[in-house]
Amino acid sequence: MIELFFHLLVLAGIVFAAIFVYMERDLLSAAIATGLFSFLISLEFYILQAPDVAISQAAIGAGLTTAIFIIAIRKVGRWEGDER
Amino acid sequence: MQLSRIVRTAADILYPFILIFGLYIVIHGHLTPGGGFQGGAVIATGSVLLLVAFRYSELTGDLRKGWMKIFESGGLLLFIGTALAALLVGGVFFFNWLANTGSLFGIPVAFGPNPGEIYTAGVIPVMNLAVGIEVWGGLSLIVMYMMGDLEEGGERS
Amino acid sequence: MKRIVAAVIAIFLLGVFMLIAVQLPFGRPSYSDMDDYFLRHGQEETGANNICTAVVFDYRGFDTLGEASVLFSAVVTTGLIFRRLERGD
């Protein structure tokens with residue numbers, strides 16, 4: 001029962017993070033929310049007893065991808081629809 | 001865009017701990033969850049944290065492109081070399097020629113769930129180390145190339 | 001009109017996928033001889049307590065070699081694309 005509760009909590013967090021990424025106009029906040037999305041997916045992998053995949057997802061998805069997004073945002077500007 | 005002093009100081013303090021945690025995952029790959037790829041990715045995350053917090057021109061020491069190229073190529077060469085060395089002792093490619101021999105990494109293990117020894121598993125720790133070094137160099141190098149583009153072209157906002 | 005058709009198709013596909021996903025057995029993998037062999041003989045053959053690593057680096061070593069090669073070629077391609085922007089070093 002408690003396991004089902006954690007599942008629902010993490011899955012609801014994933015859905016809310018995805019909707020936030022879609023709605024947000026501040027690209028830096030959206031990149032951080034993408035990192036939160038990946039971190040919650042990694043937590044879900046850990047709950048499903050796959051610690052190998054969870055470590056990979058936490059390092060690649062939550063760490064490196066967010067960093068690459070931040071580097072790209074440094075280049076193109078912070079706000080969406082901000083023409084050059 | 002200069003990141004704030006809080007981010008820079010936190011990155012400076014966190015870097016050795018991330019390095020130690022990644023090395024732990026790599027070295028204990030045959031005993032605990034994880035392995036070469038996961039540990040290398042964790043270490044690369046630490047390097048990328050420093051790269052995002054500081055400018056590329058501010059970094060000194062081991063975090064240069066030349067070292068990362070050496071790490072990446074050396075890791076892949078060590079991996080293939082360990083697999084090829086099995087041919088010298090009379091096995092096939094990727095034969096585990098160090099396991100259960102009693103020499104380096106060759107202690108036999110008991111059957112069933114047990115905590116385990118670190119000097120076991122034959123060539124698997126060597127290959128873990130090789131893949132870990134390769135993934136560290138490779139993933140850091142990708143971000144370093146993008147940072148090099150950023151330093152040349154100027155930044156916005 | 002187009003939007004209504006698109007919505008109907010989307011709902012239909014969602015229903016089909018949900019119907020398939022509900023019927024899948026989840027968390028109870030079927031029995032296979034290969035799994036049984038790895039679990040019984042992996043520890044004495046490779047000496048590794050972590051059977052996942054034993055499979056990845058010993059039994060399925062060629063997969064790991066391919067993965068390392070893929071990463072290497074990805075880095076080399078990134079270097080080719082960004083090379084003209086690099087100066088020295």
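The model is predicted.

**Stop 1: chain A as a whole**

Select chain A and colour by secondary structure. Read along the sequence, the chain follows the pattern α-α-α, with three helices and zero strands. The C-alpha trace of chain A spans about 50 × 25 × 10 Å along its principal axes. Of the 84 residues in chain A, 33% are buried. Among contacts in chain A with a separation of 6 or more, 61% join residues 24 or more positions apart.

Now colour chain A by confidence. The mean pLDDT of chain A is 86, and 96% of its residues reach 70 or more.

**Stop 2: helix α1 of chain A**

Select residues 2-23 of chain A, which form helix α1. How far apart are the end C-alpha atoms of this helix? They are 32 Å apart, in agreement with the 32 Å that 22 residues should span at 1.5 Å a residue.

Show the side chains of A:H7, A:V10, A:I14 and A:A17, the buried residues of α1(A). These residues lie on the same side of α1(A), because they cover an arc of only 95° around the axis. Turn to the other side of the helix and A:I2, A:L8, A:F16, A:Y22 and A:M23 are exposed. What do the buried residues of α1(A) pack against? Their partner is α2 of chain A, residues 27-47.

**Stop 3**

Move on to α2(A). Its 21 residues should span 30 Å at 1.5 Å a residue, and the end C-alpha atoms are 30 Å apart, which agrees. The buried residues of α2(A) are A:A30, A:A31, A:A33, A:G35, A:S38, A:L40, A:S42 and A:E44. These buried residues pack against both α1 and α3 of chain A.

Next select A:Q49, in the loop between α2 and α3 of chain A. Phi of A:Q49 is near 65°, a positive value in a residue other than glycine. Is A:Q49 buried or exposed? With a relative accessibility of 70%, A:Q49 counts as exposed.

**Stop 4: helix α3 of chain A**

Select residues 51-76 of chain A, helix α3. Its 26 residues should span 38 Å at 1.5 Å a residue; the end C-alpha atoms are 36 Å apart, which agrees. Where is the kink in α3(A) centred? Centre the view on A:Q57, where the helix has a kink of about 25°. Just after α3(A), look at A:G77, which takes a positive phi of about 100°.

**Stop 5: the largest nonpolar core**

Show all the chains again. The largest nonpolar core has 50 residues, and those with the most contacts inside it are B:L50, B:L63, B:F79, B:M127, B:L139 and B:V143. Which helices each supply at least two residues of this core? From chain A there is α3 (51-76); from chain B, α1 (5-27), α2 (36-53), α3 (65-88) and α4 (124-153); and from chain C, α3 (51-59) and α4 (61-82). The helix that gives the most to this core is α4(B), with 13 residues. In soluble globular proteins, nonpolar side chains tend to be buried together.

Select B:V143 and list its neighbours. Leaving out residues up to four places away in sequence, B:V143 touches A:L64, A:I68, A:I71, B:V48 and B:L51.

**Stop 6: chain C and C:A54**

Select chain C. From the N terminus on, its elements run α-α-α-α, giving four helices and zero strands. Chain C has 89 residues, of which 25% count as buried. The chain averages a pLDDT of 83, and 90% of the residues score at least 70.

Finish at C:A54, in helix α3 of chain C. Why does C:A54 count as buried? Its relative accessible area is 1%, and buried means under 20%. Apart from neighbours within four places in sequence, C:A54 is in contact with B:I124, C:T46, C:A48 and C:Y59. The C-alpha atoms of C:A54 and C:G42 are separated by 7.0 Å, with the two residues 12 apart along the chain.

Key. Residues are numbered from 1 along each chain as its sequence is written. Chains are lettered from A and ligands numbered from 1 in the order in which they are written. This is a predicted model: local features need pLDDT of at least 70, side-chain atom pairs count only at pLDDT 80 or more; totals for chains, interfaces and linings use all residues. Side-chain values use heavy atoms; hydrogens and water are left out. A nonpolar core is a set of buried Ala, Val, Leu, Ile, Met, Phe, Trp, Tyr and Cys residues joined through side-chain atoms within 4.5 Å. Buried means under 20% relative accessible area, exposed over 50%, partly exposed in between (1.4 Å probe, protein chains only). Contact means heavy atoms within 4.5 Å. The expected span of a helix is 1.5 Å times one less than its number of residues. The arc is that of the directions from the helix axis to the C-beta atoms. The bend at a residue is the angle between axes fitted to the seven residues ending there and the seven starting there. pLDDT is the predictor's confidence in each residue, from 0 to 100.
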